[in-house]
Amino acid sequence: MDPPIILDYESATLRDRSRNFVQKLPSHARHYISSFFPVFQWITRYNSAWMTQDIIAGMTVGMMLVPQGIAYAKVASLDPQYGLYASFVGSCFYFIFGTSKDISIGPITVVSLLVGNAIASVSATHPDITGPEVAVYLCVVTGVICILIGMIRLGFLVDFIPEPAIAGYMTGSAITISLGQWGKLVGMKLNTRQAPYLIIADFLSGLSGIHIDAAFGVPSLVALYVIRSLAAKLGARYPKYKKPLFYLGIMRSSVILIVGTFISFLVNMGKEKSPFSILKNVPAGFDAMGVPRMDIDILGDISGVLPSIVLIMVLEHVSVAKSFGRMSDYVIDPNQEIMAIGVTNLAGAFFGAYPGTGAFSRTAIMSRSGAKTPLSSGFSATVVALALYVLTPAFYYIPDALLAAVVIHAVTDLVSGMKYIRELWHVSKLEFMVFAAAVSITFFDGVEDGIYVAIALSLFIVLVNLARPKVTVLARSPLTKDDSHAIYVDEKDPHFLNAARPITSGLIVIRLTSALLYPNAGYVCESIVECAKARTRRGQQEQEQQGAAESGLWTQGTDDGKKTHLPVLDAIVLDCAALSRIDATALQTLVSARDLLDRYAGHTVEWHFAGVVSKQVRNDLVLYGFGSLPEAEPGTDENIAYYDAANVSRSTTLKEDEEDRGSSKEDSTCNKGSEKVLDQKQYECSHGVASTGDYPSSEDMVDMYYMDQSQYTRIIVDPHQNLPRDRYPAFHWDIDSAVKSIVDRHAIHRV
């Protein structure tokens, strides 16, 4: 049998790390620069089959982008052409820098609302600055911020914002946007810049002022929902027409827009003034192209809304890209996606666009339409450009109420359903509170404060979970009748109350469930000390010292006299399988806990570590004095060969071992029958020691070569004999090997 593997990890020196970094620097630099242009990774393999699918998907989304771009621009308090500019630039440039085949960059409702708030804020203090200038300014600033985030690879910060916070904010924003369109839907004038609940009050108080616009808005809104529902149901019932019905469902906004515009044209024929509100003139082409005007004076006015815009752009885009990447079995690069947002928005500033990002609804349509590469977004840009140059005369007669219906219908997809809310309530009450707070603050105060409150509460929960991890005391549950194999479970787990067995007297096993860092170091170490004191009593030396002082500390309770039946603490085993990192503060706190328990026990308490998966954690523990045992130095036989029969066993056969023990009265009561079977009770009787937890001793391990199998019917072989062993004896492969090591070690020392 091959000897066990001895583990010993040496820390790399700073010189070695620096040399390795310098050697790999050129390749890392090449990879870093090439990652900015992912298009070159697939464009050389582009083929006609991919192009066909990309054209179909891109044009489908393009026909969806046109009505959305026009409608969302109105939400942003801009003329409709600016929404088309944002739609074109986002689709045109994304395929060069993006890593998702499904994403469609363009205007979205929430960002449009925030841009409208920024325009209103600037207009109040700087009347000479127009709305398009503010929008372009936001494009430049958000674009530069996103480019920097992508270049320095800070995309991981998105992971700190949980789904409930995003869902709550999106739900509150959807309600706010929908309420803001109620006035346009029915031809009423409402102050949409006030809190949503005030909009409801104004709407209800002004119902008598409903205009003829409602004849376009309300039926259009109903028709959008009916078409979506019927297309899905009929497609499932009649598979033969599933594909045409699918395209009818996804292009329902365009269909309603075309039909409503045609009816509006017929109504307005021969009239100088329209009886209802219409879009009117839309300039053809890219009328606003030019170098952006950057006025530093307005930076203070948009500073309140700017972080919200960046957060929503990044969060929605990355979350949508990841979601559809998982659905289609490909991986996106979050950092590169953030950079793609930045590049498209910075370029959009020169076209007169306003900030845009990836939208869930358009991305879903792109995916279901069969897009094969990011180039599909380029074909969407072609459709938008065609609309800008050819269809602008037809835009004149588009009713504003119809656009309001399109917006209201689109934002309903942002509202979280009851199923998600119920699941959130059952899974985590704290996260449900984050969701509810985001919705409430957004509804009663405003969209900017809603996202800030949601993020603040989420980070607070993260810090609480980091600072107060669970520290679990484990019990031993045997898996075999002879007790040779066992698992270690939470001592309070109701499933194991009957199966659990007490661990060896004076030994405590504790499981750590997270990294040990400065926010939780004090709490974890205090928990370890409390667990140890609750299950053991003070050592004799400590009791004598306190007796000499007549009385203990004023903080010491009176429970010590009730704990005389408990053992003195001998050893602690820490399950470190989840311990991925430990910092200097935690190490120093752990040393303080060790010293405290040494004084409490009146002797040196052994600290053992099981399942350490990180080499750095292991080396740091060694650096602070952990890993060695009191009687030996690292590398000696006593330290690394507990289960090696040649080094640990004091006899080679059970017969010789029996002769060495003698034939005392205690032996005769233990050995029953003609068959000599050595079990744990015989071990205790022959050595005169207390029970050690029903574990086979290292003295019972013998080489099969020396066994007379005809005379002895049972051979005890340690199942951990061939596990890898660390050079330092206090590091163990798993909990069971650590416990067996301690049991055997103490049994040998007591003999």
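This is a predicted model: local features need pLDDT of at least 70, side-chain atom pairs count only at pLDDT 80 or more; totals for chains, interfaces and linings use all residues.
In total, 11 salt bridges are found in the structure.

One of these pairs the side chains of Arg293 and Glu133, with an N to O distance of 3.1 Å. Because Arg293 is placed in the loop between helix H10 (252–268) and helix H11 (299–302), while Glu133 belongs to helix H5 (residues 131–151), the contact ties together parts that are 160 residues apart in sequence. Both partners are partly exposed, Arg293 at 41% relative accessibility and Glu133 with a relative accessible area of 23%.

A second salt bridge brings together the side chains of Lys470 and Asp490, at 3.8 Å from N to O. Here the linked parts of the chain are 20 residues apart, Lys470 being located in the loop between helix H20 (447–467) and strand E4 (471–478) and Asp490 in strand E5 (residues 486–490). Lys470 counts as exposed, at 54% relative accessibility, whereas Asp490, at 22%, counts as partly exposed.

Two strands are connected by the salt bridge between Asp575 and Arg511, whose closest N and O atoms are 2.9 Å apart. As for connected salt bridges, shared partners join Glu133, Arg293 and Asp295 into one network.

Methods. Residues are numbered from 1 along each chain as its sequence is written. Side-chain values use heavy atoms; hydrogens and water are left out. A salt bridge is a side-chain nitrogen of Lys or Arg within 4 Å of a carboxyl oxygen of Asp or Glu. Helices (H or I, at least four residues) and strands (E, at least two) are DSSP runs, numbered from the N terminus. Buried means under 20% relative accessible area, exposed over 50%, partly exposed in between (1.4 Å probe, protein chains only).
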